[in-house]
Amino acid sequence: MAERQFSIRGRRKLTRITVYVVLIVILLLLPLFIKSPYLIHIFILTLIYIIAASSLRLIAVSGQLSLGHAAFMSIGAYTAGILGKLLGWTPWVTMPLGALATMAVAVLIGYPMARLRAIYFSMVSLFFGIGVLAINQAFESFTGGYAGLIGIPPLFAGSKVANYYFFLGLTGLSLLILHRFEFCRIGTTIKAVAQSHVVASSVGINESGYRILALAVGCFFAGLAGAGYAHYNLVLSHSTFNFLASVYLLIYVLVGGIGSFAGPVIGTAVLIIIPELFRVLKEFVPYIFAGILLIVIFVMPQGLAGLPEQIRSWVREWRKGKAVTHAS
Amino acid sequence: METAVNATISALVLSSMYIVVALGFALLLSIMGVLNFAHGAIYMVGGYICYQFAVESGLNQWLSLLLSVIIVGSFGLFLEKFCFRPFLGDMYRTIVMAIAIILILETTVNVLVGVHIRSLPAFVPGILRAGAISLSAERLVTFAIGGVLLLALTWFIRKAKAGQQMLAVAQDVEGAALQGIDIHRISALACVMGCGLAAVAGSLMGAVFELSPFMGNYMLVKAIQLVILSGIGSIGGILVAGLIIGSIDATLPLFTSGAVTQAIGLGIIIVLLLFRPQGLFGREVA
Amino acid sequence: MKGKKLLVIVGSICLISLVAALPFAASCAEPAPEVKTLKIGKLAALTGFGSAAEALCWEGAQVAEEWFNEQGGITINGQQYLIKLVVEDLKGTADGAVAAANKLVYDHKVKFIVGSVVPYMVAAAGTVTEPAEVLRSVEYNCATPAEYGPDTPYTFMGNDGTVEGNTALLTYVTETYPELKTTVIVIPDDGSIPYLGPIIKRTAEERGLTVLGDVIAWTHDTVDFTPIMAKALALGPDTLTLINGWPAPVGAMLKAAREAGFTGPVTCAHNPCEDILEVAGPAASTNYFATGIVADSPDMTPMIKEIAPRFIEKYGHALYYNYWGFNVVYVLVNAIEAAQSVDHTVVRDNWEKMKTIDSIYGPSTMGGLETYGINHTVCHPVAIQSLMDAQVKHIKWVEVKVP
């Protein structure tokens with residue numbers, strides 16, 4: 001009996017590894033059979049937002065639901081953009097600097113925020129997000145304010161495919177680091193703290209410290225995503241980083257499934273690519289987006305990432321139903 | 001001097017407008033524990049329905065307001081039963097649901113009515129002048145209505161049986177259920193009232209300002225600011241919070257730019273929340 | 001219970017596919033091979049910020065497409081071309097603009113684009129269209145070099161921009177009301193103030209107006225304009241010079257100004273009186289001057305008289321921004337026809353040197369070298385209109401020549 005169970009698990013693991021390998025091969029060879037630069041552009045944006053969404057999830061599993069994540073992206077983006085445009089520094093320097101700047105701000109604001117419980121953290125993060133943009137506007141001689149920042153030096157001028165491979169690598173690396181972080185000792189402690197802060201503090205764990213750490217790491221990658229975006233899109237404006245953008249990032253995570261590491265990846269991909277496919281519908285596109293959201297929350301409690309497991313349980317129920325009718 | 005008086009008046013009026021918008025949101029958050037991000041969109045729809053009756057169909061504007069309240073309030077019933085009740089307690093899915101509602105409402109209005117800016121005619125036309133001070137009649141009326149609604153709501157919660165039940169649910173859901181209070185009925189009532197209030201706000205603002213399919217987003221953030229500042233669980237505190245934020249928004253732009261005003265306003269709220277997360281009057285949450 | 005869930009999923013997927021299939025099914029027609037198609041891209045914010053005006057521009061552009069095609073399109077070197085417009089939604093954001101421009105340039109492979117209006121979207125789209133050397137005929141500009149200038153050699157101004165419209169308006173107002181001595185300038189805080197501020201100030205001063213104080217700025221998410229107007233009126237000007245914005249905020253400003261007791265004239269180009277009347281209400285709608293089209297005035301050009309009924313027939317209204325959308329297509333196609341080539345670089349080189357070009361507002365010249373750094377502005381006559389006691393009246397046409 002135990003052996004049968006083991007081989008099922010082993011089979012599942014094999015399936016999962018195969019899926020990943022196939023996926024990686026497809027992604028690596030993508031530019032060979034997708035020639036349209038516009039579609040490559042969409043894929044690049046998806047990769048950037050995958051980094052942002054995954055980093056948001058890390059913060060969320062530490063018990064802090066951030067409604068201002070896009071604003072953290074903006075810190076990284078504008079830092080890199082301004083340094084690149086005004087001082088002419090190369091993106092290879094401005095991007096890490098952007099990420100570090102974002103992390104620094106996160107630590108500064110994270111310290112007082114770490115003591116806040118769930119909904120209050122979310123509200124403060126919401127206001128913080130709006131506040132960041134207001135400050136951005138106040139310094140419009142540097143940031144361009146509502147008009148936006150234009151003329152950021154590019155990473156790889158002219159070649160969408162070069163950018164694609166760069167971001168494929170960057171996203172892969174970021175996901176790897178985030179994954180290791182989540183499943184190492186520190187990561188599991190962070191998740192445990194989120195589950196029950198009473199138990200955690202009784203064991204002598206410094207909850208606030210772990211929360212700030214999660215926020216710092218998450219915001220580092222948010223800043224990295226933002227900085228990458230700056231040097232790819234070459235144009236920054238408030239509309240990319242406003243409250244609605246933060247909410248959308250959260251939606252990508254929730255629809256993908258907050259319980260699973262792959263959740264944000266799947267959620268982002270589905271919610272960016274599918275509306276793009278329906279672009280021809282113009283002003284009706286938001287209906288498609290809303291439709292996906294509704295389907296997911298009513299039918300898939302685990303999000304899209306939980307779909308395979310859910311299908312399996314439906315099949316099992318169906319089989320059980322058949323067995324019952326057969327037996328009677 | 002007259003600038004100061006005018007600024008005070010405009011602070012009071014702006015506060016009352018924010019309060020009217022925030023009341024509905026506060027009801028839902030305090031009583032159902034639901035962060036109804038769609039409140040802004042519902043507020044917008046309320047304004048457009050009033051416009052439809054008042055301008056397109058030519059009915060009396062106050063009657064149109066009433067009709068809008070009834071229609072949007074009924075929509076609140078639908079919302080509570082099918083959109084919020086399945087996900088009570090699940091903040092994540094409530095947020096996703098709210099975004100879906102916003103998208104559907106905004107897109108529908110955008111498609112049906114078009115993006116052409118419309119404005120409701122003033123509910124009470126005319127400008128009142130007293131010396132160097134001048135105030136439009138409709139703003140005064142909005143101020144009055146806001147005050148009346150706030151008083152009515154406070155009375156309802158303190159004196160009416162259903163209101164007391166709402167208070168009980170807001171304080172402790174399980175305890176209230178143990179007392180025999182029908183949670184679903186109370187939540188439905190709260191939702192209907194919340195949506196009705198949003199409709200009033202949308203119609204009034206649609207006349208004082210103007211209507212656009214995306215007008216809800218700004219007001220949503222203001223409503224959240226008011227409610228969080230006042231604290232979850234407190235309805236009367238909305239008055240104080242409204243006065244604070246309204247005053248900031250009405251007076252600071254006189255001295256500095258709009259962006260700095262916003263930054264300062266938010267900064268104050270953030271600092272307050274960091275030290276007192278339950279807001280000014282909210283209940284302590286474990 | 002699980003069956004119901006399955007049904008919901010399957011049903012939704014079917015519904016989505018059906019809805020998506022419709023547009024694809026509709027786009028099956030191909031023109032006859034003897035007649036070729038000239039694809040022109042249209043960038044417009046159909047949703048989000050700016051959509052109130054830009055959606056109307058798209059309506060106007062579609063009427064232009066029909067108008068041209070009814071006459072058999074245009075003929076280039078003996079080959080007949082029908083116009084086909086392809087629109088992409090800018091979604092009111094800078095990256096929406098970049099995405100839309102990417103789609104038009106790389107997916108639809110257009111070489112000509114019309115639109116749009118809002119500066120940051122024009123500039124953002126330009127980061128894609130300029131390197132690809134796509135010829136653009138935009139509807140507006142706010143004098144910022146990122147939108148329009150030596151860095152955008154393939155962009156042309158098809159309509160009157162901030163400077164042109166307000167110059168015409170200020171010229172008319174100061175000539176007609178010489179008793180006005182002072183003014184306050186109000187400009188949205190969208191990055192254009194460092195450029196527009198000095199230009200408008202100079203324009204006002206050249207016409208005898210003293211500008212009081214600094215430019216008063218307001219942010220796009222302002223809902224209540226009472227404090228802004230209080231700030232402006234505290235300086236005690238004879239007239240208010242409002243620049244840019246949309247009818248919604250400008251109407252709100254007029255309303256706030258009147259409610260605060262200001263009775264002097266208020267001017268704002270590109271925010272036509274009928275829209276302002278709608279927003280500000282009849283009580284405040286007086287002593288307001290703008291640029292705009294009053295379709296049933298006998299003083300309108302033959303083109304306007306011809307297309308106004310078309311707008312009304314197709315959309316039920318003939319609004320100012322409809323004419324913008326029509327005009328930018330009109331001048332672009334005229335320029336293409338004048339150059340007798342569908343090569344974008346040839347058209348551009350020719351357009352710069354054209355002595356006159358026809359616009360729906362009348363015959364126009366090319367200008368802009370000194371003001372903007374490139375000679376790409378179509379200088380056409382501008383119609384001044386007034387709003388007095390809630391009545392909209394066309395006053396006159398003013399010639400605008402931008403050096």
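Modeller: Contact here means heavy atoms within 4.5 Å. This is a predicted model, so local features need pLDDT of at least 70 and side-chain atom pairs count only at pLDDT 80 or more, while totals for chains, interfaces and linings use all residues. Residues are numbered from 1 along each chain as its sequence is written, chains are lettered from A and ligands numbered from 1 in the order in which they are written, and side-chain values use heavy atoms, with hydrogens and water left out.

Let's go to chains C and B. There, 26 residues of chain C are in contact with 30 residues of chain B. The area buried between them is about 2300 Å², with 58% of it from carbon and sulfur atoms; buried area is the accessible area (1.4 Å probe) that two parts lose on being put together, summed over both. C:V223, C:E259 and C:E278 supply 24% of what chain C buries against chain B, more than any other three residues.

B:R139 forms one with C:D224, where the closest N and O atoms are 3.0 Å apart.

As for helices (DSSP runs of H or I, at least four residues, numbered from the N terminus), α2 (51–70), α7 (226–233), α8 (247–259) and α9 (273–280) of chain C each give at least two residues to the side that touches chain B. The largest share, five residues, comes from α8(C).

B:P253 counts as buried because its relative accessibility is 11%, and buried means under 20% relative accessible area (1.4 Å probe, protein chains only).

On to the core. A nonpolar core is a set of buried Ala, Val, Leu, Ile, Met, Phe, Trp, Tyr and Cys residues joined through side-chain atoms within 4.5 Å. The largest one has 201 residues, and B:F37 and B:I224 are among those that touch the most other members. Helix α1 (residues 2–32) of chain B gives this core its largest share, 17 residues. Setting aside neighbours within four places in sequence, B:I224 is in contact with A:M123, A:L126 and A:F127, plus B:F25 and B:F37. A second, separate core of 118 residues includes C:Y81, C:V138, C:L209 and C:Y320.

Methods: A salt bridge is a side-chain nitrogen of Lys or Arg within 4 Å of a carboxyl oxygen of Asp or Glu. Buried means under 20% relative accessible area, exposed over 50%, partly exposed in between (1.4 Å probe, protein chains only).
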